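Please keep the sequence and the structure in view while reading.

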Amino acid sequence: RCKNLSVSFWNSYWMLPSDVCGMNCFWEAAFRYDYVKTHPSEKMHLAVVACGERLEETVTMLRSAIIFSIKPLHFHIFAEDQLHESFKDILDEFPYEGKINYTLYPITFPSESAAEWKKLFKPCASQRLFLPLILKNVDSLLYVDTDILFLRPVDDIWSFLGKFNSTQIAAMAPEHEEPRIGWYNRFARHPYYGVTGINSGVMLMNMTRIRRKYFKNDMTPVRLQWGEILMPLLKKYKLNITWGDQDLLNIMFFHNPESLYVFPCQWNYRPDHCIYGSNCKAAEEEGIFILHGNRGVYHDDKQPTFRAVYEAIKNYSFGDDLVHSLLQPLERELQKTTHTYCGRIYKVFIKQLTKSIRDLYARRSKG
């Protein structure tokens, strides 16, 4: 029923009195219910690496994580020194004391090879490879690129940790669903995971298992631990890799496929899933769970559907009514993008978002 609702029917569908939606007292009551009564000691850890002009993009990602998530979040933000003060000023103004904590870290690589790691692919991108070695007291972690937007609670992807079998240490989504447009299976000059490779923009990690595991490899018959295998892999393949640290992860899980849990494509939905026609069936059925605007599509006019979602979340003010201040304006903007392949299926972009908002208000009403 809700799939075909037009914007004009939102008020009657949600059946929320206008004097309740957006009221500060209601928001704060919901906060107390959602984040104090429900597992107050359980915390989800989310890491991001931000360099260059990625401040705004990173903050928008963090905002999307905060809007719907239930359990408390701890953000681990790795950023260039000149960005630290800006992050602190912005995050300290977020109105969710108790729901979120954050720690800022400098960009650091092993001293003997720092220059080589920093210039691999994009500046600072390889930092994510060293998170298990830096965050030694963190058991599990969700790493995301700065150009990620959460359209449902972080809790839901975090729950995949409980689905890992005894050998799995991390989870990622395939790089492509359709091999005919796949990059790895057509162009890669190195081993890669599965049929089309994996994308590391969303990576869920059991870091305790990662630190303990000894990895099979094609450099030595001796299995190596995470901290021992990274530099030898780089030395062997640095002339053959295109996508930097993501390629190294593909090589690693090619030799250790039993260690990877694979997400369905709606958990890492990128322009490649719709620019040549829709090829993520799970998203068509359930909606997009995590949007990944890689290749800068949030900031140009090449994919206006992706940009519309980004702008809607960036401009949303915490505490405002999510239906009138986020969902309705977004749908109006998405309807302007139907001249593109992604725009033709724009309802896929709001299907899960609609459900997330409905579920959030339902949780509040119970409180």
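The sections below cover the basis of the model, its sheet and its salt bridges.

## Basis of the model

The model is predicted: local features need pLDDT of at least 70 and side-chain atom pairs pLDDT 80 or more, while totals for chains, interfaces and linings use all residues. Residues are numbered from 1 along each chain as its sequence is written, and side-chain values use heavy atoms, leaving out hydrogens and water.

## The sheet

Strands of a sheet pair through backbone hydrogen bonds, either parallel or antiparallel. Here, 7 strands form an open sheet with mixed pairing, in the order S3-S2-S1-S4-S7-S6-S8. Strands are DSSP runs of E with at least two residues, numbered from the N terminus, and two strands pair if DSSP finds at least two bridges between them. Strands S3 (100-105) and S8 (260-262) are the edges, each pairing on one side only.

Strand S2 (residues 73-79) pairs with S3 in the parallel sense over 6 bridges. Within this pairing, His76 stands opposite Thr103 in S3.

## Salt bridges

The structure holds 19 salt bridges, each defined as a side-chain nitrogen of Lys or Arg within 4 Å of a carboxyl oxygen of Asp or Glu. One of them joins Asp145 and Arg128 at 3.3 Å, N to O. Because Asp145 and Arg128 lie in two loops, the pair ties together parts that are 17 residues apart in sequence. Both Asp145 and Arg128 are buried, that is, under 20% relative accessible area with a 1.4 Å probe and protein chains only (exposed is over 50%, partly exposed in between).

Another salt bridge links Glu258 and Lys216 at 3.6 Å, N to O. Glu258 counts as partly exposed because its relative accessibility is 28%.

Notes:
Helix = DSSP H or I, 4+ residues; strand = E, 2+ residues; numbered from the N terminus.
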